[in-house]
Amino acid sequence: MIAVIYKRYNMYRKRMIENLVKMDLNNIKFVIKLYQIKYGKLPDNLLELKKKGFLLDENGNPILAASKFENNKLITKDGRKILYDNGTIFITN
């Protein structure tokens, strides 16, 4: 019984993280557009969005729920890297 509950818990947890990562990707796409409107060009990298405050809300809190910067790379809670190339965002497996 415990094994079934644990397996189901892990399944729901994995699904929740995946949904949060999708939300983060949508937020990143949105702030890239805001950056482009403000500066008239795409950011060179995701770290530039962080440095210029585009990944923070109006109270200074991070807008990303399942991702954070580690060693200047954006990493999801499940250890995947979020990569950026000329306006396109993708995740490594």
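**A loop proline and its setting**

Analyst: In this predicted model, Pro62 touches Leu55 and Leu56 once its neighbours within four places in sequence are left aside. Pro62 belongs to the loop that joins H2 to E1, and it counts as exposed because its relative accessibility is 62%, where exposed means over 50%. Asp44 lies 18 residues away from Pro62 in sequence, and the C-alpha atoms of the two are 20 Å apart in space.

H1 itself runs over residues 2-39 and reaches 54 Å from its first C-alpha to its last, close to the 56 Å expected at 1.5 Å a residue; after H1 comes Gly40, with a positive phi near 70 degrees.

Seen as a whole, the chain has 2 helices and 4 strands, in the order α-α-β-β-β-β from the N terminus on. Its C-alpha atoms fill a box of roughly 55 × 30 × 20 Å along the principal axes, and its radius of gyration is 15 Å, whereas a compact globule of 93 residues would have one near 12 Å. Buried residues make up 28% of the 93 residues, and of the contacts with a separation of 6 or more, 40% join residues 24 or more positions apart.

Notes
Residues numbered from 1 in each chain as written. Predicted model: local features only at pLDDT ≥ 70, side-chain atom pairs only at ≥ 80, totals over all residues. Heavy atoms only, no water. Expected span 1.5 Å × (residues − 1). Buried < 20%, exposed > 50% of the residue type's maximum accessible area, 1.4 Å probe, protein only. Contact = heavy atoms within 4.5 Å. Rg over C-alpha atoms; globule rule 2.2 N^0.38 Å.
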